[in-house]
Amino acid sequence: MQLLLHSCTNEDLTELTKISRRTFRDAFEFQNDPSDFNHYLSTALSSETLSTELQHPDRSFYFVRLNNQNVAYFKINENQAQTDLRDAEGMEIERIYVLQEFQGQKIGEWMIWEILKIGRKKGKEYLWLGVWEQNMKAIRFYERLGFIRIGKHPYYIGNDRQMDWLMKLNIPNLSA
């Protein structure tokens with residue numbers, strides 16, 4: 001299985017909107033109030049919002065491609081674009097999603113290793129992310145890869161205040 005990274009541009013906006021909404025819906029729709037959930041989709045994952053985020057110099061989106069098909073994507077934030085820590089030495093993984101039909105193929109793990117490479121090239125010391133405290137499958141995945149819990153913060157789906165665990169992974173220095 002040969003996975004490839006594709007750095008998203010505004011030309012990818014339609015596909016980015018589609019995959020963002022689809023993966024988020026598949027992952028969380030059944031656990032949320034429909035009106036709060038739909039409000040979140042229509043604001044945070046709208047084409048307008050994603051277009052603005054694509055233009056920000058400290059935000060980056062990447063597709064993961066398999067056989068010329070986008071099967072996953074992630075979003076990373078640096079500097080003041082980070083949602084919480086805003087530490088120049090850190091880099092936030094704000095979104096990391098694999099299409100349902102491609103889960104279980106270690107694509108998520110591959111993405112983490114690619115994000116580590118990106119962070120290392122940018123001179124970052126660690127990655128961090130927020131993961132919903134009720135998403136035990138994802139928490140176990142991150143713990144297996146070495147992420148540790150460092151705190152928590154609220155995350156809103158519409159008016160529903162949920163709690164995310166903040167998790168951190170140091171970027172290894174491979175030249176040592």
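Strand E2 (residues 59–66) pairs with strand E3 in the antiparallel sense over eight bridges, where strands are DSSP runs of E with at least two residues and helices are runs of H or I with at least four, both numbered from the N terminus, and where two strands pair if DSSP finds at least two bridges between them. This is a predicted model, in which local features need pLDDT of at least 70 and side-chain atom pairs count only at pLDDT 80 or more, while totals for chains, interfaces and linings use all residues. Residues are numbered from 1 along each chain as its sequence is written, and side-chain values use heavy atoms, with hydrogens and water left out.

Within this pairing, Ser-60 stands opposite Ile-76 in E3. E2 and E3 form a hairpin with two residues between them, and Asn-67 in the turn has a positive phi of about 50°.

## E3 within the sheet

On pairing with strand E4 (residues 90–98), E3 again runs in the antiparallel sense, here over seven bridges, and Ala-72 stands opposite Val-98 in E4. Nine of the ten residues of E3 (residues 69–78) are buried, so this strand is largely enclosed by the rest of the structure; buried means under 20% relative accessible area, exposed over 50%, and partly exposed in between, with a 1.4 Å probe and protein chains only.

The open sheet has seven strands in the order E1-E2-E3-E4-E5-E7-E6, with mixed pairing. Strand E1 (3–7) and strand E6 (148–157) stand at its edges with a single partner strand each, so one side of each is left without a neighbour in the sheet. On average, and with direction ignored, neighbouring strands of this sheet are turned by 30° against each other.

## Helices H1 and H2

The axes of helix H1 (residues 13–28) and helix H2 (residues 34–43) come within 11 Å and cross at roughly 160°, the axes being lines fitted to C-alpha atoms, for helices over the stretch in contact, with angles from 0 to 180 degrees between N-to-C directions. H1 is therefore roughly antiparallel to H2, a term for angles over 145 degrees. In their contact (heavy atoms within 4.5 Å), Arg-21, Phe-24, Arg-25 and Phe-28 in H1 meet Phe-37, Asn-38, Tyr-40, Leu-41 and Ser-42 in H2.

Both helices also lie across strands of the sheet. H1 lies across E2, E3, E4, strand E5 (126–132) and E6, running at about 90° to E3, whereas H2 lies across E4, E6 and strand E7 (160–170), running at about 100° to E6.

Ser-51 has its place in helix H3 (residues 47–55) and, at 18% relative accessibility, counts as buried. When residues up to four places away in sequence are not counted, Ser-51 touches Asn-10 and Leu-13.

Gln-100 is found in the loop between E4 and helix H4 (107–121), and its 47% relative accessibility makes it count as partly exposed. From C-alpha to C-alpha, Gln-100 and Ser-47 are 22 Å apart in space, and they are 53 residues apart in sequence.

Notes
Parallel < 35°, antiparallel > 145°, perpendicular 65-115°, else oblique.
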